[in-house]
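Here is a colleague's note for someone opening this structure for the first time. Please keep the sequence and the model in view while reading.

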Amino acid sequence: MTQAGKLRFSGRIAEVGPGDKCGVTLLMLADGAERVDLVDRFYSKRVLKQQERIIAALIAETPALANFASLPREEDIHRVWRHYGQRALAELPFLDNRGYDFIVSRAFMEHVTNPVLSLRRMYDALNPDGTTIHKVALPDHGIFTGYGFPVLKFMDIPTALYSLMTGGSPYPNRVPLSRYRDALPGRRIIVADLVGLGAIEKPKRYEVIDPKCRSFC
């Protein structure tokens, strides 16, 4: 949040690709959000006991969440709207729904068919002073590294073959950071990890990274 120049979540928020956990949604509501829209093409099965443990752990660290102690299921949380199915593809919901103060995603954009188009639609759906925050993980999610191959091996596979291997699956779309930079000039990009160098102790803006290391981006 602070890297995005904001101190708190507020107003109307969309979380894209929330998965099976409601923890981030609860934290945004406790922070001051008026409404949170959960946008996901697929509904992930929830495990009630797991949800209860998540909420209990969050309440222990965040007293403002005490009001949610009696709401162990995501479906019981007030001020949360859910959008699932084909119309919840990342680029579609924001055609008709505008006026967001925040749009966020975590390790989701690397799985979207057209992430650049999706990001543009999200920016169009923001209020004039709105903010969008996305954590994008670009490695292969174990497709090849799980078998001992180099971390960028999945980038060497011909596009046609990769499509056959991964079609209809949640595997990475192989869109590199350069595509995001070109599509969204002037946006703040924070780099937390570099291929060949590993995790950066203090994540940095792309512009201040040593130029010798930028080839890894």
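The points below go through strands, charged pairs and one surface patch.

1. Before anything else, please note that this is a predicted model, in which local features need pLDDT of at least 70 and side-chain atom pairs count only at pLDDT 80 or more, while totals for chains, interfaces and linings use all residues. Residues are numbered from 1 along each chain as its sequence is written, and side-chain values use heavy atoms, with hydrogens and water left out.

2. Of the 7 residues of E4, 5 are buried, so the strand is largely enclosed by the rest of the structure; buried stands for under 20% relative accessible area, exposed for over 50%, and partly exposed for what lies in between, with a 1.4 Å probe and protein chains only.

3. E4 has pairing partners, two strands being paired if DSSP finds at least two bridges between them. E1 and E4 run parallel and are joined by 4 bridges, with Val 104 in E4 as the bridge partner of Glu 15. E4 also pairs with E5 in the parallel sense, over 6 bridges, and there Phe 102 stands opposite Thr 131 in E5.

4. Leu 194 has Gly 198 in E7 as its bridge partner.

5. The count of salt bridges comes to 6, where a salt bridge is a side-chain nitrogen of Lys or Arg within 4 Å of a carboxyl oxygen of Asp or Glu. One of them joins Asp 31 to Arg 8, with the closest N and O atoms 3.6 Å apart. Because Asp 31 lies in helix H1 (residues 23–31) and Arg 8 in the segment before strand E1 (11–16), this pair ties together parts that are 23 residues apart in sequence.

6. Arg 106 and Glu 15 also meet in a salt bridge, at 2.8 Å from N to O. This pair links distant parts of the chain, with Arg 106 in strand E4 (residues 100–106) and Glu 15 in strand E1, 91 residues apart. Arg 106 is partly exposed at 39% relative accessibility, whereas Glu 15 is buried at 1%.

7. Another salt bridge brings together the side chains of Arg 87 and Asp 96, at 2.8 Å from N to O, and Asp 96 counts as exposed, with 58% relative accessibility.

8. Which side chain of opposite charge is nearest to Glu 91, a buried residue that has no salt bridge? That side chain is Arg 121, 6.2 Å away, where Lys and Arg count as positive and Asp and Glu as negative, His and the chain ends not being counted. Glu 91 sits in the loop between strand E3 (80–84) and helix H3 (93–96). Leaving aside neighbours within four places in sequence, Glu 91 is in contact (heavy atoms within 4.5 Å) with Leu 117, Ser 118 and Arg 121.

9. Finally, Val 151, Leu 152 and Met 155 make a nonpolar surface patch of about 230 Å². Patches are made of residues with over 30% relative accessible area and no salt bridge, like charges being joined within 9 Å and nonpolar side chains (Val, Leu, Ile, Met, Phe, Trp, Tyr) within 5 Å; accessible areas come from the Shrake-Rupley method with a 1.4 Å probe, and for residues only the protein chains shown count as cover. Leu 152 lies in the loop between strand E5 (126–135) and helix H5 (159–166), and Leu 152 is partly exposed, with a relative accessible area of 43%.
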